[in-house]
Amino acid sequence: MTNQQILSRPRRNRKTDSIREMIRETWLHPSDLILPLFVVEGQNLKIEIESMPDCYRLSPDLIVEEAKSAQQLGIPAVALFPALSDLQKDHLATESTNPNGLLQRTVRLLKSSVPAITVVTDVAMDPYSIDGHDGLVENGRILNDPTLEILAKMALSQAEAGSDIIAPSDMMDGRVGYIRKELDKRDFSDVSILSYSAKYASAFYGPFRDALDSAPKEGDKKTYQMDPANRVEALREVFADVNEGADLVMVKPALAYLDIISDVKASVNLPVVAYSVSGEYAMIKSAAQMGWLDETATMMETLIAIKRSGADLILTYFAKSVAELLSV
Ligand code: PBG
């Protein structure tokens, strides 16, 4: 059979590895990644998290080791989440402002032992709250404005410990502006704010809540986290945070929200961060353990898709595996 008169043959651009590489539109680099880490009190402690295979709650000394190896792999930042015992939790998240609290000590240790790594700390009440909510609970309601004061104190305490980037993940209205003002008043105008701007009320956070034992005791988070059905509303949240002084904005989760990442990237002139959350990680890990998915290929495909949709930076529990793969 003779060749047909086909003028456009896209397959020519796919014919070899090197040509595919030449025309590749999206690249992942270790510098795109932020590694989330769970901190637990103790020494030389590494505690498994059942629903997140190969992820651990680590004592501060091991957090330092993990941050060092991340940094050597070219990962610029870690995001810290403290796992506290119920005894340290109360209705007001009091422990979150303890200058010698687990998180504050870990930040100080990290900044003195691995000064080159950027430290991101989360601002929300849930790891410290006996109610397991991101805001203050009163008669089953989550109070917005009284929560702001608590969040700002938490942010100040983290800044004092040396955190480089404060990341409010609570979804209270007005929190970015409130925190920004309080930080500036205390001479922390250099501390950045990465806002969890479009954070959805997602079932994909399940394994994370196991890791921190931070699931809400009553109700759900739907009065503050966004409805997964909404797209336009994400921009309302993002613009509010931009106007209130956010330096980076986040969409969370990532994989089921690529349209949102794409919209946000097209609408703001700030770096866009995507959080590929615990459930996204657990899905790939568990299917791979069953032998049903190729872990490495699925990991790379999902992360490149998140980047392709518009994310400049990605929080992922796969950060070290990806960076290792990219370094060979
Ligand atoms: C809490 C917080 C959550 C995550 C990050 N910060 C959970 C939640 O909102 O319930 C989830 C991260 C993940 O699932 O990987 N403010």
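Biologist: Which residues form a negative surface patch?

Modeller: This is a predicted model, in which local features need pLDDT of at least 70, side-chain atom pairs count only at pLDDT 80 or more, and totals for chains, interfaces and linings use all residues. Residues are numbered from 1 along each chain as its sequence is written, and side-chain values use heavy atoms, with hydrogens and water left out. Patches take residues with over 30% relative accessible area and no salt bridge, like charges being joined within 9 Å, and the negative surface patch is formed by Glu48, Glu50, Asp210 and Asp213.

Biologist: Is Glu50 buried or exposed?

Modeller: Glu50 lies in the loop between β2 (46-48) and β3 (56-58). Buried means under 20% relative accessible area, exposed over 50%, and partly exposed in between, with a 1.4 Å probe and protein chains only. With a relative accessible area of 82%, Glu50 is exposed.

Biologist: How are the rings of Phe38 and Tyr317 arranged as a pair?

Modeller: Rings of Phe, Tyr and Trp (its six-membered ring) pair if their centres lie within 6.5 Å, and planes under 30 degrees apart count as stacked, over 60 as edge-to-face and the rest as tilted. By this rule the count comes to 10 aromatic pairs. For Phe38 and Tyr317 the centres are 5.9 Å apart and the planes at 15 degrees, so the pair is stacked.

Biologist: Is Phe38 buried or exposed?

Modeller: The relative accessibility of Phe38 is 2%. On that value, Phe38 counts as buried.

Methods. Patch = residues over 30% accessible without salt bridge, like charges linked within 9 Å, V, L, I, M, F, W, Y side chains within 5 Å. Areas by Shrake-Rupley, 256 points an atom, 1.4 Å probe, with all protein chains shown as cover. Salt bridge = Lys/Arg side-chain N within 4 Å of Asp/Glu carboxyl O. Lys, Arg positive; Asp, Glu negative; His and termini not counted. Charge placed at Lys NZ, Arg CZ, Asp CG, Glu CD. Helix = DSSP H or I, 4+ residues; strand = E, 2+ residues; numbered from the N terminus.
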